Amino acid sequence: RFIAKPCAINLGIQDSGPHRAQPNAILEKVFTSITKSPDGKRLEGLSKQLDWDVRKIQRWFRHRRNQDKPTTLTKFCESMWRFTFYLSIFFYGIRFLWTAPWFWDTRQCWYNYPFQPLTSRLYYYYILELAFYWSLMFSQFTDIKRKDFLIMFVHHLATIGLITFSYMNNMVRVGTLVLCLHDASDFLLEAAKLANYAKYQRLCDAFFMLFGVVFIVTRLGIYPFWILNTTLFESWELIGPYPSWWLFNGLLVTLQILHIIWSYLIVRTAYKALVRGKVSKDDRSDVESSSEEEDVTSNSTKGVFSTSSNGSNRINGHVASGQWTEE
């Protein structure tokens, strides 16, 4: 409110929502009481009742659905908050782990387990991360509902379960490695979103490409060969198959499956941008382009990116950043 909003205004981001639908009592009653996406039969009936063509009624429903979406200014402020947290907690974690012996030798995570001291820095690091992911869990139900809602819900559940479980079982050493590794790419994605909302397209593309590289290296390279290796094999060798071994590693493997899914989406987005030269609509985003935008798209092959009401956009020839900016 006091930092992000002034920054957004200075960057020229207006606090204006999407195009509002023309007031119409009949259509509003259908929208609020019956359906937000009428089928063909209902559209024909409304067309005869209002003496409107079907395309105009479809456009009205698109505008009506989109007008409740948050503004670009609202999304900029939210992304700036997340960027600030991810960046701060990542550097805090790196600074703390740099002097930790288990950062350089993962076998140290299991020496003298479970009799390992819980320092104040370890405690605050864990509590901050846990509080943040709980906030994401709750805010997911009030944010725009996207098509990967279930995947994100599972991710938050697995993350909260891992943080809580590892804290209760004093597995905080390996837990800090998992947390720091996941924070390494998150702030880059939020930075790319900020650049996209501010319409700095080349900066947005650069951040996204960097995010993609860091994400794939950390989630498909370091995570399985560094984290899963120590939790699956080194822990078994040093302390044996403790009772909760299966649950703990089951949650970690669940995260790895989600990493593979997201990496596929990132690679697919980059492929469409670099090889085809243009990007289709974000599969995850629930924003709907207006019929005017559809007309422009159908008659043009340039794929120029214009930010829509919830931040999804079309690309101007660089990288497919608009396809993923809705996360």
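**Stop 1: a buried glutamate**

Select Glu234 and Thr230: their side chains are joined by a polar contact of 2.7 Å (a pair of N or O atoms within 3.5 Å; within protein, one must be able to donate a hydrogen and the other to accept it, and residues adjacent in sequence count only if both atoms are side-chain atoms). This is a predicted model, in which local features need pLDDT of at least 70 and side-chain atom pairs count only at pLDDT 80 or more, while totals for chains, interfaces and linings use all residues. Residues are numbered from 1 along each chain as its sequence is written, and side-chain values use heavy atoms, with hydrogens and water left out.

Glu234 sits in helix H10, residues 201-239 (helices are DSSP runs of H or I, at least four residues, and strands are runs of E, at least two, numbered from the N terminus). Glu234 is buried (under 20% relative accessible area; exposed is over 50% and partly exposed in between, with a 1.4 Å probe and protein chains only). Glu234 has no salt bridge (a side-chain nitrogen of Lys or Arg within 4 Å of a carboxyl oxygen of Asp or Glu). Its nearest side chain of opposite charge is Arg107, 4.6 Å away (Lys and Arg count as positive, Asp and Glu as negative; His and the chain ends are not counted).

Now show what surrounds Glu234. Beyond its neighbours within four places in sequence, Glu234 is in contact with Thr106, Arg107, Trp110 and Asn229 (heavy atoms within 4.5 Å).

**Stop 2: the salt bridges**

There are four salt bridges in the structure. Select Arg107 and Glu237, whose side chains form one of 3.3 Å, N to O. This pair links distant parts of the chain, 130 residues apart: Arg107 is in the loop between helix H6 (101-104) and H7, and Glu237 is in helix H10. Arg107 counts as partly exposed because its relative accessibility is 23%. Glu237 is exposed, at 53%.

Next, select Arg219 and Asp186, a salt bridge with the closest N and O atoms 3.5 Å apart. Arg219 belongs to helix H10 and Asp186 to helix H9 (residues 172-197), so the pair ties together parts 33 residues apart in sequence. Both Arg219 and Asp186 are buried.

Then move to Lys193 and Glu190, where the closest N and O atoms of the salt bridge are 3.9 Å apart. Lys193 and Glu190 are three residues apart in helix H9, and therefore separated by about one helical turn.

**Stop 3: the whole chain**

Zoom out. The protein chain has 13 helices and zero strands, and 49% of its 327 residues are buried.
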